Amino acid sequence: MIVNKSIGYSGILVAILVFSLILREKIGFLINPEYFWYILVSAIISCIFAIIYIFPSKHSVVEKPTWQQIVLCLGFLCVVVSGILVPVKPLGVKNVAFTTKSTFEKPKSSLSQLVKSPEVITSLGLVDWQNLLNSEKNATKYNGQKAEFNGFVSGYIENGFELSSYQVSCCVVDASLSTISMVSKDKPPLDSWQKVNGNFQISGKKPNLSISFIIDSRIEINTPLSPYSSKK
Amino acid sequence: MSDQFDRFYINFLGIILGAMPFLVFGVIIATIIQMYSKPSWYSWILNQNTVLSHVLIAMFGLVIPVCECGNIPVIKKLLKKGFSFSHAITFLLAAPIVNPITIITTYSAFSNYPALVWFRILGGFAIAFTIGMIFSKFKGTDEFLVHDIKKTHDHHSHTYHHNHEVKQPIITRVRDFASHYTLEFVETMKYLFFGAFLASVFQVVIPQTVLSSIGQNPVLSLFVLILFAFIISVCSNVDAFIGLSFIQNFSVNSILGFLVFGPMIDIKTIVMLKNIFTSKFIAILTCLCLSGTVLLVSVYYICNIFGIV
């Protein structure tokens with residue numbers, strides 16, 4: 001068997017890129033959180049096979065790499081080094097101009113049966129709420145519903161601020177933005193993550209549906225490790 | 001500038017990571033084909049008459065559910081294993097659409113638009129079949145293959161089979177598998193990295209919001225979404241959910257164009273296809289896919305006008 005170590009090292013470097021992003025807890029900034037295990041398993045498989053490939057055996061003939069293979073290996077190395085050194089930032093206010101506003105109408109099937117509850121609903125995120133309210137024929141039935149969710153501050157309005165969250169199908173490339181207006185006396189800093197507690201104020205009908213959230217309390221939180229919702 | 005770099009950088013890494021599981025799956029399938037498949041397994045399909053064999057190959061994705069990144073190493077191996085050029089092209093174009101994962105995700109995203117789901121699956125099938133049939137009439141299609149593939153395609157890799165007919169110890173077989181896997185993985189990754197780089201540059205240069213704002217015109221919106229599919233280079237297994245996010249701003253016709261053209265041709269795929277085909281052929285293929293998509297969307301539009309769908 002002919003072994004070309006530079007190719008083996010290239011395979012290992014691709015796996016190292018994934019491992020380094022996982023270890024730095026940055027992978028959630030790049031992909032749909034549901035993909036995490038698939039990516040980890042893919043990297044482990046590729047790494048194991050690459051190690052087996054370069055591991056010497058008595059039947060192996062080690063081939064001298066061509067300059068293209070060395071350049072390729074160095075290219076992968078550069079990406080890995082940049083993956084370790086360059087800060088990976090999650091999508092935030094600065095990316096709003098590059099992404100579409102979410103017009104996702106259909107909520108997850110489990111949400112379509114949600115009934116108004118006197119309890120504070122904490123199980124739904126900002127994106128879930130927006131999808132649910134936009135898909136409901138009579139969204140006003142959720143008027144006054146207490147809820148708690150988080151998001152980042154994406155802008156200011158006259159009587160408060162806008163809280164947003166991105167949702168992704170595959171990775172950040174297809175991210176779309178969901179935003180809900182927050183009625184609040186104070187205005188937290190842009191791009192800061194906030195956990196808000198309050199109730200919905202909904203009026204009008206589609207397409208003039210107006211959704212706002214009256215804040216009872218809010219706390220600033222750290223950026224979550226997986227800041228995006230899955231579109232699936 | 002710094003914001004644009006950040007955006008470029010996370011897009012670049014995001015595309016690579018998002019494609020990786022599908023690509024690894026495709027490379028594993030390709031390695032299994034390379035090491036264990038025998039021409040007798042699929043020769044009965046290839047030996048059917050031209051029409052039937054292309055129909056069957058267009059449905060091959062139901063058995064080998066690979067997306068557009070994963071199927072490139074697969075067709076490379078199939079070509080080396082004796083698949084004809086037209087059969088390989090049919091598989092290349094059909095597999096990302098006519099496969100169970102894509103069908104399920106499209107249905108779950110567009111269950112309110114069943115006609116769109118059918119048009120995507122059957123339309124993708126029809127385009128792949130038609131383009132395959134066109135190339136089956138061509139002579140000298142081997143000229144469209146890069147030298148490396150052409151050489152092995154000519155010889156059907158007979159020598160390889162002879163090597164593997166002797167029962168090898170398990171450790172040698174694992175080593176062989178690892179060797180084939182790693183060579184194919186690194187080769188495909190090289191193109192994925194470059195494709196992801198280009199797609200990320202275009203994403204920053206042409207923001208999605210610009211595409212959305214010019215997408216209100218019914219005809220223009222089709223081309224805008226086709227261009228968008230071409231630029232974002234997202235996997236066919238999940239693109240239905242992206243298509244769904246356009247439902248309020250774009251016509252259903254243009255979303256159909258997005259769902260049919262994207263899995264066949266995009267920036268990332270084009271760069272990866274350069275590993276197998278010549279640039280001239282890739283340009284011809286892109287034009288044929290574009291024409292097929294526009295034709296399909298026109299049929300859908302007409303059916304809509306007459307209330308058929």
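Cys73(A) is buried, at 14% relative accessibility (buried means under 20% relative accessible area, exposed over 50% and partly exposed in between, with a 1.4 Å probe and protein chains only). The model is predicted, so that local features need pLDDT of at least 70 and side-chain atom pairs count only at pLDDT 80 or more, whereas totals for chains, interfaces and linings use all residues; side-chain values use heavy atoms, with hydrogens and water left out. Residues are numbered from 1 along each chain as its sequence is written, and chains are lettered from A and ligands numbered from 1 in the order in which they are written.

The closest cysteine sulfur to that of Cys73(A) belongs to Cys78(A) and lies 10 Å away, too far for a bond. In chain B, Cys69(B) is buried at 0% relative accessibility. The sulfur of Cys69(B) is 4.0 Å from the closest cysteine sulfur, that of Cys67(B), which is also too far for a bond. With a disulfide taken as a pair of cysteine sulfur atoms within 2.5 Å, the count over all chains is 0.

Leaving aside residues up to four places away in sequence, Phe277(B) is in contact with Ile75(B), Leu79(B), Phe85(B), Ile89(B), Leu92(B), Phe144(B), Leu145(B), Val146(B) and Ile282(B), where contact means heavy atoms within 4.5 Å.

In chain A, helix H4 (residues 126–135) is largely enclosed by the rest of the structure, because 8 of its 10 residues are buried. The buried residues of H4(A) are Leu126(A), Val127(A), Asp128(A), Trp129(A), Gln130(A), Asn131(A), Leu132(A) and Leu133(A). They pack against strands S4 (146–157), S5 (160–168), S6 (176–183), S7 (193–203), S8 (210–221) and S9 (229–230) of chain A. Strand S7 of chain A holds Asn199(A), which is buried at 19% relative accessibility. Beyond residues up to four places away in sequence, Asn199(A) touches Gly144(A), Gln145(A), Lys146(A), Ser212(A), Phe213(A), Ile214(A) and Asp216(A).

On the surface, a nonpolar patch is formed by Ile70(A), Leu74(A), Leu77(A), Val81(A), Ile84(A) and Leu85(A), with about 520 Å² of accessible area together. Patch residues have over 30% relative accessible area and no salt bridge, with like charges joined within 9 Å and nonpolar side chains (Val, Leu, Ile, Met, Phe, Trp, Tyr) within 5 Å; a salt bridge is a side-chain nitrogen of Lys or Arg within 4 Å of a carboxyl oxygen of Asp or Glu. Accessible areas come from the Shrake-Rupley method with a 1.4 Å probe, and for residues only the protein chains shown count as cover. Leu85(A) is in helix H3 (residues 67–85) of chain A and is exposed, with a relative accessible area of 64%.

Glu25(A), although not a glycine, has a positive phi of about 55°. This residue is in the loop between helix H1 (5–23) and helix H2 (36–54) of chain A and is partly exposed, at 48% relative accessibility. Asp191(A), also not a glycine, has a positive phi of about 75°. Asp191(A) is in the loop between S6 and S7 of chain A and is partly exposed, at 36%.

Definitions and conventions
Helix = DSSP H or I, 4+ residues; strand = E, 2+ residues; numbered from the N terminus.
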